[in-house]
Amino acid sequence: MVETTRPSVIIVMGVSGSGKSTIGSLLAHRLHWEFEDADWLHPASNVDKMHSGIPLTDEDRGPWLRAVAAWIDQTRHAGGHGVVPCSALKRRYRDILIGDRSDVRLVYLKGDETLIARRLATRHEHFMPRSLLHSQFEALEEPGSDENAIVVSIEPQPREIAAAILSALNMGENAHRKTHLRTSAR
């Protein structure tokens, strides 16, 4: 059996406004991997609720999380690599997305509510209103040590954050060109 030492999929998690899409896009670009923003996979009913300032329930999130997990599985089964920004605020959500997929890696963009509120105040044309930020922090369950997450502060510039993540993954600027394979005996 052949295993890669790099993940097939990276999930970039955090509350709205933490920079998930920006950082995820930078990672995908630098690694030459597919990019799929989990926000694009929300059913229209979820988007309508959030536009109206109504927090989503776990029931609302179920179809969305299954759609994100399906994208992850499609990417993995096709032998591809991808980056998906996804809030994944609760452990049970991450269990749906990662489960026993040992080749899926979690990156947590960590920042405080004041900093993120300032960022959201400058953001336009996004369906997640600033008024829902506090509910996201209330729902947030930071990854436990058993989740093997890479935790990165959102205070540096996006390029610095992406570089720190790539370094933590041992996937520096040219690592995407190298193949790290390990063959185990049958």
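A crossing of two helices is right-handed if the near helix is turned clockwise from the far one by less than a right angle. In this predicted model, helix H1 passes helix H7 in a right-handed crossing. The chain holds seven helices and seven strands, and buried residues make up 46% of its 186 residues.

**Overall arrangement**

- Read from the N terminus, the elements follow the order β-β-α-β-α-α-β-α-β-α-α-β-α-β.
- Among the contacts in the chain with a separation of 6 or more, 79% are between residues 24 or more positions apart.

**Packing of H1 against H7**

- Helix H1 covers residues 20–31 and helix H7 covers residues 158–168; the two pack at an angle of about 60 degrees, and their axes lie 9 Å apart.
- Angles of 65 to 115 degrees count as roughly perpendicular and those under 35 degrees as roughly parallel; H1 and H7 are therefore oblique to each other.
- On the H1 side, the contact is made by Thr 22, Ile 23, Leu 26, Leu 27, Arg 30 and Leu 31.
- On the H7 side, the contributing residues are Pro 158, Arg 159, Ile 161, Ala 162, Ala 163, Ile 165 and Leu 166.

**Helix H3 and its surroundings**

- Helix H3, residues 58–77, contains 20 residues and spans 27 Å from its first C-alpha to its last, which is close to the 28 Å expected at 1.5 Å a residue.
- The buried residues of H3 are Asp 60, Arg 61, Gly 62, Trp 64, Leu 65, Val 68, Ala 69, Trp 71, Ile 72 and Thr 75.
- Just after H3, Gly 79 adopts a positive phi of about 80 degrees.

**Asp 60 within H3**

- Asp 60 belongs to helix H3.
- The relative accessible area of Asp 60 is 16%; because buried means under 20%, Asp 60 is classed as buried.
- Leaving aside residues up to four places away in sequence, Asp 60 touches Asn 46, Lys 49 and Pro 55.

Note on methods. Residues are numbered from 1 along each chain as its sequence is written. This is a predicted model: local features need pLDDT of at least 70, side-chain atom pairs count only at pLDDT 80 or more; totals for chains, interfaces and linings use all residues. Side-chain values use heavy atoms; hydrogens and water are left out. Axes are lines fitted to C-alpha atoms, for helices over the stretch in contact, and angles run from 0 to 180 degrees between N-to-C directions. Helices (H or I, at least four residues) and strands (E, at least two) are DSSP runs, numbered from the N terminus. Angles under 35 degrees count as roughly parallel, over 145 as roughly antiparallel, 65 to 115 as roughly perpendicular and the rest as oblique. Contact means heavy atoms within 4.5 Å. The expected span of a helix is 1.5 Å times one less than its number of residues. Buried means under 20% relative accessible area, exposed over 50%, partly exposed in between (1.4 Å probe, protein chains only).
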